[in-house]
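Thank you for asking me to read through this model with you. The points below are numbered so that you can follow each one while looking at the chain.

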Amino acid sequence: MDNVSSHKHFILDGFSELGALRPVLFIPFCIMFIVSLSANSLLLYIIISQRSLHSPMYILIAGMACVDLSLPILFVPNMLLSFLFDWRGISLIGCLVQMHCIHFIGTFQSTLLVWMALDRYFAICTPLYYHERMALQRFLRFMIPPVIRNILIITTFVSLAGPLSFCASNVINHCFCEHMALVELACGSTTINNLVGLLAVFLIPVADFIFITASYVVIFRSVLKSGRSGFKALDTCITHIVVISISLTVALIAFLSYRIRVGLPAAIQVFFSTMYLLFPSCFNPIIYGVRTTEIRKHILKTLTCCHFIHTVSHS
């Protein structure tokens with residue numbers, strides 16, 4: 001083993017099973033990429049430009065839009081070029097940097113939903129103290145621990161992947177540097193990598209989901225018990241629950257498909273792992289735009305105004 005050199009350059013070979021049909025994937029993924037960029041950019045513009053939306057809940061939604069805007073930019077352009085021009089190469093350093101960025105920013109999809117759940121808890125269960133508890137200085141004590149957790153966990157499993165010896169193959173069966181897709185190529189023991197990766201799944205998305213579920217159980221009980229007119233506020237909670245349920249389902253399928261051998265074809269594994277990052281980026285801004293009344297009103301107003309200006313300029 002000592003005389004065998006470790007690969008420092010890799011080939012991203014996701015969806016190679018499709019053969020000559022692989023370039024066709026450019027069309028659906030390009031459409032999703034455009035939808036993600038335009039929808040999240042519009043959502044950010046609406047929240048930033050409207051002073052009435054400069055409240056904690058809408059600022060957190062803007063934070064989610066930033067995450068959903070950033071994630072596709074990290075891997076989709078490279079993936080589209082791979083589909084069209086067969087550009088598949090990436091260095092080990094580039095792979096590790098991409099892995100760290102994707103997984104670190106991806107953790108905030110669930111972490112932001114935790115902060116949104118706290119916002120709804122304070123708004124519905126303690127409305128008299130809402131502005132006091134959502135003041136930045138006080139809310140930082142809820143924001144800093146998850147950020148530190150995300151940094152430590154992601155940095156740990158990426159750092160453990162770097163020193164591995166990749167002497168068997170340099171072909172990564174994926175469209176970007178997913179942690180387990182790279183670790184599977186190692187020719188030594190990867191037990192620690194598998195354990196830390198599995199631990200990351202349960203300490204971030206699963207732990208966040210449990211916290212969010214507990215928060216909403218308390219919120220629903222509070223509203224039903226008090227008989228107050230809090231049902232309007234529950235509409236936002238339902239939006240969050242829809243987003244959480246879909247995001248977590250896709251994420252768990254993506255993560256566990258590499259660890260539990262259920263006979264899924266490689267292309268299906270790659271598909272779910274890619275959708276875990278890309279689908280929420282398209283789905284979240286549409287859901288928040290449609291289901292959040294204030295945002296929906298401002299979007300319709302902005303689009304109507306743009307249409308009117310376009311009509312006048314061509315008349």
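**Notes on the predicted model**

1. Pro146 lies in helix H5, and the model in which we find this residue is a predicted one. With a relative accessible area of 14%, Pro146 is buried, because the cut-off for that word is a value under 20%. If you look for Thr107, you will find that Pro146 and Thr107 are 39 residues apart in sequence, while their C-alpha atoms are 9.5 Å apart in space.

2. The mean pLDDT of the protein chain is 84, and 89% of its residues reach 70 or more. Among the elements, helix H1, which covers residues 26-49, has the highest mean pLDDT, at 93, whereas helix H8, which covers residues 231-256, has the lowest, at 70. Please keep that contrast between H1 and H8 in mind as you read.

3. Turning to the overall make-up, the secondary structure of the protein chain comes to ten helices and three strands. Read from the N terminus on, these elements follow the order β-α-α-β-α-α-α-β-α-α-α-α-α. The protein chain has 315 residues, and buried residues make up 47% of them.

4. How many disulfides does a search of the whole structure find? The search finds two, and, when the bonded cysteines are counted along the chain, the disulfides follow the pattern 1-3, 2-4. The next two points take these pairs in turn.

5. Another disulfide joins Cys167 and Cys187, and here the sulfur atoms are 2.0 Å apart. Cys167 is placed in the loop between helix H5 (136-161) and E3, and Cys187 in the loop between H6 and helix H7 (191-226), so the pair ties together parts that are 20 residues apart in sequence. The torsion about the S-S bond of Cys167 and Cys187 is about 130 degrees, which means that this disulfide is right-handed. Cys187 counts as partly exposed, at 27% relative accessibility.

6. Two further cysteines deserve a look for their surroundings. Is Cys66 buried or partly exposed? Its relative accessible area is 36%, so Cys66 is partly exposed. Cys175, on the other hand, counts as buried, with a relative accessibility of 4%.

7. The packing of helix H2 (residues 56-85) can be followed in two places. Against H3, the angle is about 165 degrees and the axes are 9 Å apart, which makes H2 roughly antiparallel to H3, because angles over 145 degrees count in that way. The crossing of H2 and H3 is left-handed, and the residues of their contact divide into 17 nonpolar, five polar and three charged.

8. Against helix H9 (residues 266-291), H2 packs at an angle of about 140 degrees, with the axes 9 Å apart. That angle makes H2 oblique to H9, and the crossing of H2 and H9 is left-handed.

9. Most residues other than glycine have a negative phi. Phe15, however, has a phi near 65 degrees, a positive value in a residue other than glycine. Phe15 is found in the loop between strand E1 (9-12) and H1, and this residue is buried, with a relative accessible area of 5%. Asp86 also has a positive phi, near 65 degrees, and its place is in the loop between H2 and strand E2 (89-91). At a relative accessible area of 46%, Asp86 is partly exposed.

Technical notes:
Residues numbered from 1 in each chain as written. Predicted model: local features only at pLDDT ≥ 70, side-chain atom pairs only at ≥ 80, totals over all residues. Heavy atoms only, no water. pLDDT = per-residue confidence, 0-100. Helix = DSSP H or I, 4+ residues; strand = E, 2+ residues; numbered from the N terminus. Disulfide = S-S within 2.5 Å. Buried < 20%, exposed > 50% of the residue type's maximum accessible area, 1.4 Å probe, protein only. Axes fitted to C-alpha atoms, helices over the stretch in contact; angles between N-to-C directions. Parallel < 35°, antiparallel > 145°, perpendicular 65-115°, else oblique. Left-handed = near helix turned anticlockwise from the far one by under 90°. Nonpolar A, V, L, I, M, F, W, Y, C, P; charged D, E, K, R; others polar.
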